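Look at the model first, then read the points below.

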Amino acid sequence: MSVQIAPSLLAADFARLADEADVVGDVADWLHVDVMDGHFVPNLTIGLPVVEALRRHARLPLDCHLMIEAPDRWAPGYAEAGARSVTIHAEAASAPVRTLRAIRAEGARAGLAFNPGTPVPGHADLLPEVDMLLLMTVEPGFGGQPFLDLVLPKIRRARELISAYGGEVWLQVDGGVSEQTIERCAAAGADMFVAGSAVYGSADPAGAVQALRNLAVAASAAHSGGRPAG
Ligand code: DX5
Ligand code: ZN
């Protein structure tokens with residue numbers, strides 16, 4: 001299991017997105033882009049035109065997290081716009097198989113996200129249709145919220161489901177991930193870490209990414225019995 005870090009632009013300066021993307025361009029693996037529609041979550045952020053512009057200016061691949069109430073309608077467009085990963089919420093999708101397949105058909109990785117209170121096992125049959133599960137470790141909608149420890153057992157159970165399934169599915173955590181919480185997530189089996197305020201709230205965002213990666217690598221190596229992560 002290799003560790004991947006995805007800084008969330010939600011905590012960046014929206015008037016300087018290209019520069020903010022550049023600051024972590026050499027050290028992060030993905031740029032996490034939070035798309036919110038003011039309906040699925042009570043916040044409004046950015047949409048397709050900004051994703052298209054970012055794609056032209058950012059070196060890192062874009063990981064679009066769609067917190068919108070009509071992902072079946074909009075998600076394939078984000079893949080078409082050049083996002084390399086597009087994640088829809090299990091609570092919002094009415095035709096998840098069709099939508100996940102449409103994302104993949106556009107050449108992007110397909111992700112399925114779960115709010116803290118949404119159980120994963122009822123969606124286990126969808127594992128062959130996804131490249132990543134995203135477990136929210138806060139209620140979605142805003143950056144800077146405290147990490148919810150109650151999600152840790154769910155991370156462990158999701159990792160077990162993925163192992164039992166046997167395919168390669170990444171397990172992403174998003175919300176309150178910081179130097180104080182990332183080790184718990186890695187030890188529970190997460191391998192992709194979104195961090196907004198822990199990166200862009202730091203005076204040294206690139207250094208923060210490195211520090212998060214080091215902690216996650218060490219914790220996941222310890223978790224896998226001391227074998228090197230990778
Ligand atoms: C919250 C978003 C997150 C957010 C995380 O709904 O999905 O990606 O940016 O921000 P932090 O890391 O500050 O909790
Ligand atoms: Zn997110």
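A polar contact here is a pair of N or O atoms within 3.5 Å. The model is predicted.

**Contacts with ligand 1**
- Gly141 uses its backbone, with an N or O atom 2.7 Å from a ligand 1 oxygen atom.
- His32 uses its side chain, where an N or O atom is 3.3 Å from an oxygen atom of ligand 1.

**The shell around ligand 1**
- Ligand 1 sits in the largest pocket.
- The ligand is surrounded by 20 residues.
- Ser8, Gly141, Asp174, Gly196 and Ser197 are the closest of them.
- By type, the shell holds 10 polar, eight nonpolar and two charged residues.
- Strands E2 (31-36), E3 (62-67) and E8 (192-195) each supply at least two shell residues.
- E2 gives the largest share, with three residues.

**The cavity**
- Rolling a probe the size of a water molecule over the atoms shows where empty space is left.
- One cavity of 30 Å³ or more is present in the structure.
- The largest cavity holds about 30 Å³ of space.
- Its lining consists of Leu9, Leu10, Phe14, His32, Val33, Asp34, Thr45 and Ile46.
- Five of these lining residues are nonpolar, two are polar and one is charged.

Conventions:
Residues are numbered from 1 along each chain as its sequence is written. Chains are lettered from A and ligands numbered from 1 in the order in which they are written. This is a predicted model: local features need pLDDT of at least 70, side-chain atom pairs count only at pLDDT 80 or more; totals for chains, interfaces and linings use all residues. Side-chain values use heavy atoms; hydrogens and water are left out. A residue is near a molecule or strand if one of its heavy atoms lies within 4 Å of it. A polar contact is a pair of N or O atoms within 3.5 Å; within protein, one must be able to donate a hydrogen and the other to accept it, and residues adjacent in sequence count only if both atoms are side-chain atoms. On a 1 Å grid over the protein atoms alone, a cavity is a set of points where a 1.4 Å probe fits but cannot get out, and a pocket is an open set with protein on both sides within 12 Å along at least five of seven lines; lining residues have an atom within 4 Å of a point. A molecule sits in a cavity or pocket if more than half of its atoms lie within 2 Å of its grid points. Helices (H or I, at least four residues) and strands (E, at least two) are DSSP runs, numbered from the N terminus. Ala, Val, Leu, Ile, Met, Phe, Trp, Tyr, Cys and Pro count as nonpolar, Asp, Glu, Lys and Arg as charged, and the others, Gly among them, as polar. Grid points are joined across faces, edges and corners, and a volume is the space filled by probe spheres set on the points.
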